[in-house]
Amino acid sequence: MADYIYDYDMPSKPYVWMGNEALVEGALAAGCRFFAGYPITPQNEVPERMSERLPKLGGRFIQMEDEMASISAIVGASFAGLKAMTSTSGPGFSLMQEVMSWASSIEVPMVVADVQRTGPGAGIVNLPHHSDIIQAHYGGNGEYPVIAYAPSSCQELFDYTIDAFNDAELYRLPVVIFSDSLLGHIHEKVVVPPLEALKQRVIPRKLVTYEEDGKTPLPRNKYYTFTSFDRKTNTYKITIPPNIATDYFPEWLPAVTHSPQSIASEYQESAELEVYTLNNKLGDKVVKVQEYFMEDADVAIVCYGLPFRSALRAVKLAREEGIKAGVFRLVTVWPFARKAIRELSQKVKKLLVPEINMGQILIWVEAAVEDGTTVEGIPAISRLHEPKELLDKLKEVVH
Amino acid sequence: MQSLPPLPERPLHPYELVPYTGRKFAQAFHIFCRGCGYGAIGQLLCRIFKDDKLDETLYPFIVGVGCYSALPLVLPGRALMTPHGRTLAVATGIKLANPKLTPICIAGDGDNLAIGTNHFVQSCRRNIGIVLIMLHNNIYGMTGGQVAPTTPMGMRASTATYGYLEDEFDPVALALTAGATYVARWTTAHPRQFMKSVRKALQWKGFSFIDMVSQCPTYFGRNNDMSEPIDVFNWIKGNTIPLEKTKGMSEEELKGKFVVGEFRESPRKELSEKYIELIEQLRSRSKRK
């Protein structure tokens, strides 16, 4: 990778940060230099810290007039060459779905942090509720892919935000970070790695597409604006995002159905090609899962986000009592780890799915498991599961 | 992509069509209806770029959703089409991220005065360096002639079969109130004045708004007993009053008229300029430490 100036400025040491602050620092460490937002509790610390930090790093902060404007502005900023993000909460996230759909179709790298709160309606602003899990994938019109990270601690908020920006650059799509009002307001230790290590981890925005030798810029007619499907090798080729200030921008980048060469089209074949390309370009590459105590487990807790911490504690307590339980954690909620869950169901016949909602991932787990595996959801509305609650459930299931 | 044959330096006749269209595709075409004003507006914009030899990379077009979404087929430079009403929000991101650029937003009256009014008002207030050309044809043309916020009261449209009951919007008054620093209005009967205004707006430091009244013979004309394109054109022309002549005229007399001219030219500091200054201030302060 070509050398580049890495100007993140926090010295490497442990800090005590609020979840929302860790999210901001993770974004800045990942090279985010544009933020547009609109006030909504419980994510207010994100724009507050961004407005203080970004100008110092040469970045731009703007508070827009509404959530549609915020997310539209980051699409523009991303096309103008800056890594960009916005953050919001449930009601704002539903307003953003229009542009989420558009940004997915024109493959803009960007990050949207959703600090979720209780719904429906205005709900309760300071209680956690993983209410937007399905909305993040199926909220907008059309069918499009999304990568969604669900961190469970402030350190993870820092780390996975960097991963989110990297994925956005690599796969050219909006990446969602699921936080919630509880996680956003926890104060915890966050260790910032040495800047050299961070620089190695971050994928910078590239400007120009080169021939295979890495030196000669591709002539314009050979440059595909969007992801293209190579029929010979059966692979998807994801190109570098276009920059509106350079020659590497199509003459017309349409919001309508288009070919990989950015030609607007109204043919069924084009729609088919675009939708297939968009939805298949990720493959299984970005699915991230973690397994704890799974080697000899009889029962597994499938979880993501904050309930992971309760689940881990419950499983440790269960192990002390001789119950062979394990934790299967979805780091990326989307794309859904269908294959991994199916393989899991071949080993473990009982799955528990604790979620801070009525069971939005539960239906996906149920659909993915093999026959004969029992799946049970443990919903908790606007509160985090107590480890004891999960432990009792484990005991009940095993006996 | 095939390149076009070299073009003559300057056309002999100002309305000569050929040299100014179809830069992008081997066949010069646009897909507007017979008599639509948008083709002419596209040609005028092409003419400015060609005559002034403007650097196309500095002036990206941000196009909303409407009949004019097809204008990039003939426009020079790069064009980004946005969802309905979000042109100015996207352009704000572009301008702030790269202040060297001057985005030219092309939005319609429905785009800009209905779904995207908030972005319009806020951009005027913010004074961010964007050129907004609002194509004002009194109707939603692409969807089949529904009433727009600019449809004059009493006029008919496909969703106002018995005449529109509401008062129309005056975008110029709105822009002036919201604090736009350059505001002008022209019609398709004023091509030279429009070009002059656009040239001024491109060099303007701050938000500039040009309201361009254009004819829609297919829907606005047909629904209102103006069957020929020239009828709508003449209707606009007949309702036009230059700004200089409005002195002493009462509000009653001005109702339903298109007042044309340059309404305001009062520079204010531009937002991205202020932001760059802030960044430099913070940098020099941290160096002093």
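**Strands, a helix and a contact**

Mentor: Start with one bridge: E355(A) has P379(A) of β17(A) as its bridge partner. Keep in mind that this is a predicted model.

Trainee: OK. How do β16(A) and β17(A) pair, parallel or antiparallel?
Mentor: Parallel, over six bridges.

Trainee: And what is the strand order in that open sheet?
Mentor: The order is β12-β14-β13-β16-β17 in chain A, five strands with mixed pairing. β12 (289-292) and β17 (374-379) of chain A have a single partner strand each, so they stand at the edges and one side of each has no neighbour in the sheet. From one strand to the next, the twist averages 20°.

Trainee: Which strands does helix α11 of chain A touch?
Mentor: α11 (residues 307-320) packs on the sheet and touches β12, β13, β14 and β16 of chain A. Its direction makes about 165° with that of β14(A).

Trainee: Now α12(A). Which of its residues are buried?
Mentor: In α12 (residues 338-347), they are I341(A), L344(A) and S345(A). Down the helix axis they fall within an arc of 100°, so they line one face of α12(A).

Trainee: Why would residues three or four places apart point the same way?
Mentor: Because an α-helix has 3.6 residues a turn.

Trainee: What's exposed on the other side of α12(A)?
Mentor: K339(A) and Q346(A).

Trainee: Zoom out. How many helices and strands in chain A?
Mentor: 14 helices and 17 strands. The radius of gyration of chain A is 21 Å, close to the 21 Å from the globule rule for 399 residues, so chain A is as compact as a globular protein of that length. Of those 399 residues, 51% count as buried.

Trainee: Where do strands of the two chains pair?
Mentor: β11(A) runs parallel to β2 (residues 79-81) of chain B, joined by two bridges. W252(A) has A79(B) as its bridge partner there.

Conventions. Residues are numbered from 1 along each chain as its sequence is written. Chains are lettered from A and ligands numbered from 1 in the order in which they are written. This is a predicted model: local features need pLDDT of at least 70, side-chain atom pairs count only at pLDDT 80 or more; totals for chains, interfaces and linings use all residues. Helices (H or I, at least four residues) and strands (E, at least two) are DSSP runs, numbered from the N terminus. The radius of gyration is taken over C-alpha atoms; the globule rule is 2.2 Å times the number of residues to the power 0.38. A residue is buried if 20 or more other C-beta atoms lie within 10 Å of its own, exposed if 12 or fewer, and partly exposed in between; C-beta atoms are placed from the backbone. The arc is that of the directions from the helix axis to the C-beta atoms. Two strands pair if DSSP finds at least two bridges between them. Axes are lines fitted to C-alpha atoms, for helices over the stretch in contact, and angles run from 0 to 180 degrees between N-to-C directions. Two residues are in contact if their C-beta atoms, placed from the backbone, lie within 7 Å.
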